[in-house]
Amino acid sequence: MKVSKIYISLLFSLTLSSCSKEFLDLKPISSATSDNFYKTADDFKNAVNGAYASLQSGGIFGNSYVFGDVASDNTVPPASGSVTDQDEFDRFYIKTTNPFISGRWNDSYTAIARYNTILDKIGGVSMDENLKNRYIAETKFLRAMVYFNLVRTFGDVPLVLKAISNPDEGYEYGRSPKADVYAQIEKDLTDAEGVLPVSYATAEVGRATKGAAKALLGKVYLTEKKYAQAVAKLKEVIDLGVYDILPNYADVFKVSNKNNKESVFDVQYKSGGAGEGNSWPNSFAPENSGNAVIAFGGGGNNQPTADLINAYESGDKRKDVSLATSYVNASGQTIPYNFVKKYYDTPATNGDNGNNIPVIRYAEVLLMYAESLNEVGYQSNGDAFAYLNKIRNRAGLASKTATDIPTQQAFRLAMEQERRVEFAFEGQRWYDLVRTDRAIPVLNSKKDQIRLVNVLTENNLVDPIPQSQIDINRSKIQQNPGY
């Protein structure tokens, strides 16, 4: 199988998009289509490839910057002069009818329905058992990843673990406690890590690996504040010996260097007119810039804030790789404009770029490991310092010592700073602040600067359930407080 075959064909996408819109998009395949399709090993090869393709959808990773960056103090949406859907995230007055909210919910449950159908059907098919078990493990990894995004976005969510053959079954599902959702995420990832290979042949690079399952499970443990378990799991990733950070930060994001040694798991994209291109480079380039920054122009989305720009230390090599504060137009004029550079590519057509979206990099594994070590117990100049400094030194910055970071709380703040600039525009910042209980104090301290409509409260730490889901199943689905 070639890497390109991870990308599902348009025909197959349409086949799997025969959706019932009654509830949750839980029935993406009609019974007849499902029964006729899932018969052979090749059918499941195509189905699992399609499962990966679902990650590209706007509600899962295509618009992840809105949830992870615009909602934080890192970026702002275009200044359109009127209220926009992204502005609701930026200033925290998110409406229950916001299309990004419904997109996350609907795209996620459409993908989960696809994963559940694969898992329900594959057991009855005669095929190589090792390949069958790998497909099951890959699908469980993907399901865990999508549920991780859902539970961090909405809190309690319906936990659907089987294919829905009758639309009426959808009405049986209410919101499961997030503890139950996390328990299932842990189970899926534990199952997956025990089966997935450490690596693939070149033709199949980009699929979920043992290291990806372990790294995501370590991140889940960290999010749940299970620090000792996070330490153990992330150390397993390090001990695999298959990953490393690249010497040059810029090389991590070059299209010509995709799926490099630092990549633990990426959402795969491919330019060339097949509908598998990444729109981010055009979306993030300045509005009204013509071809001065990128061919076919830009949309002005995800603009870096002055607060983020000022957060970079002097000499940090990551800054110029990640963002710019001006560009030279076709007339030779320098135009002040903050924009993201990290994902630059030369598109085949507008929005048809070849960049992957990084989900977990090895740099994050090292920083999560350092953070977990510190939470288990601060050690002056201990191993946590070594892993933090490995990332800082790559960026051209001096090492930190216990003189600079004398306490556990000081290390927490140093980690917050390091993750902010290391993973800028990778959809991490908001979830980092929520995970560390810092979202409310950090953003409220910048209330006027980031133009919050109201001060943040605990209610703002999750987004509203889409109103459409409340309306069609009021007996089971209740709204989050404050919305």
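Student: Where is Tyr344 found?
Tutor: In this predicted model, Tyr344 sits in the loop between β5 (334-340) and β6.

Student: What does Tyr344 touch, not counting residues up to four places away in sequence?
Tutor: With those left out, Tyr344 touches Val255, Val293, Ile294 and Asn355.

Student: And how are the C-alpha atoms of Tyr344 and Ile136 separated?
Tutor: By 35 Å, and the two residues are 208 residues apart along the chain.

Student: You mentioned Ile294. Which core is Ile294 in?
Tutor: A core of seven residues, whose members include Ile294, Tyr327, Tyr337 and Phe339. That core lies apart from the largest nonpolar core.

Student: How many residues are in the largest nonpolar core?
Tutor: It has 121 residues. Leu55, Phe141, Tyr147, Ile185 and Phe265 are the ones that touch the most other members. The largest share of this core comes from α8, with 12 residues.

Student: What does Ile185 touch?
Tutor: Leaving out residues up to four places away in sequence, Ile185 touches Ala144, Tyr147, Phe148, Val151 and Val220.

Student: New topic, cavities. How many of 30 Å³ or more are there?
Tutor: The search of the whole structure finds six.

Student: What lines the largest cavity?
Tutor: The lining has 19 residues, and Phe61, Asn149, Arg152, Val359 and Gly427 lie nearest the centre of the cavity. Two or more lining residues come from each of α4 (58-62), α5 (64-70), α8 (129-154), α10 (210-223) and β6 (357-361).

Student: What is that lining by class?
Tutor: The largest cavity is lined by 11 nonpolar, four polar and four charged residues.

Student: And which residues lie nearest the centre of the second largest cavity?
Tutor: Val252, Phe253, Asp266, Asn356 and Pro358, out of 17 lining residues. The elements giving two or more residues to that lining are β2 (263-267) and β6. The largest share, three residues, comes from β6.

Student: On to helix α15. What should its 15 residues span?
Tutor: Helix α15 covers residues 362-376 and should span 21 Å at 1.5 Å a residue. The end C-alpha atoms of α15 are 21 Å apart, which agrees. The expected span uses one less than the number of residues.

Student: Why is α15 called largely enclosed?
Tutor: Because 14 of the 15 residues of α15 are buried, the helix is largely enclosed by the rest of the structure.

Student: Last topic, backbone angles. What is phi of Asn288 near?
Tutor: Phi of Asn288 is near 60 degrees, a positive value in a residue other than glycine. Asn288 is in the loop between α12 (280-284) and β3 (303-304). At 78% relative accessibility, Asn288 counts as exposed.

Student: What about phi of Arg451?
Tutor: Arg451 also is not a glycine, and its phi is positive, about 60 degrees. Arg451 belongs to the loop between α19 (439-444) and α20 (467-472). With a relative accessible area of 43%, Arg451 is partly exposed.

Methods:
Residues are numbered from 1 along each chain as its sequence is written. This is a predicted model: local features need pLDDT of at least 70, side-chain atom pairs count only at pLDDT 80 or more; totals for chains, interfaces and linings use all residues. Side-chain values use heavy atoms; hydrogens and water are left out. On a 1 Å grid over the protein atoms alone, a cavity is a set of points where a 1.4 Å probe fits but cannot get out, and a pocket is an open set with protein on both sides within 12 Å along at least five of seven lines; lining residues have an atom within 4 Å of a point. Grid points are joined across faces, edges and corners, and a volume is the space filled by probe spheres set on the points. Helices (H or I, at least four residues) and strands (E, at least two) are DSSP runs, numbered from the N terminus. Ala, Val, Leu, Ile, Met, Phe, Trp, Tyr, Cys and Pro count as nonpolar, Asp, Glu, Lys and Arg as charged, and the others, Gly among them, as polar. A nonpolar core is a set of buried Ala, Val, Leu, Ile, Met, Phe, Trp, Tyr and Cys residues joined through side-chain atoms within 4.5 Å. Buried means under 20% relative accessible area, exposed over 50%, partly exposed in between (1.4 Å probe, protein chains only). Contact means heavy atoms within 4.5 Å.
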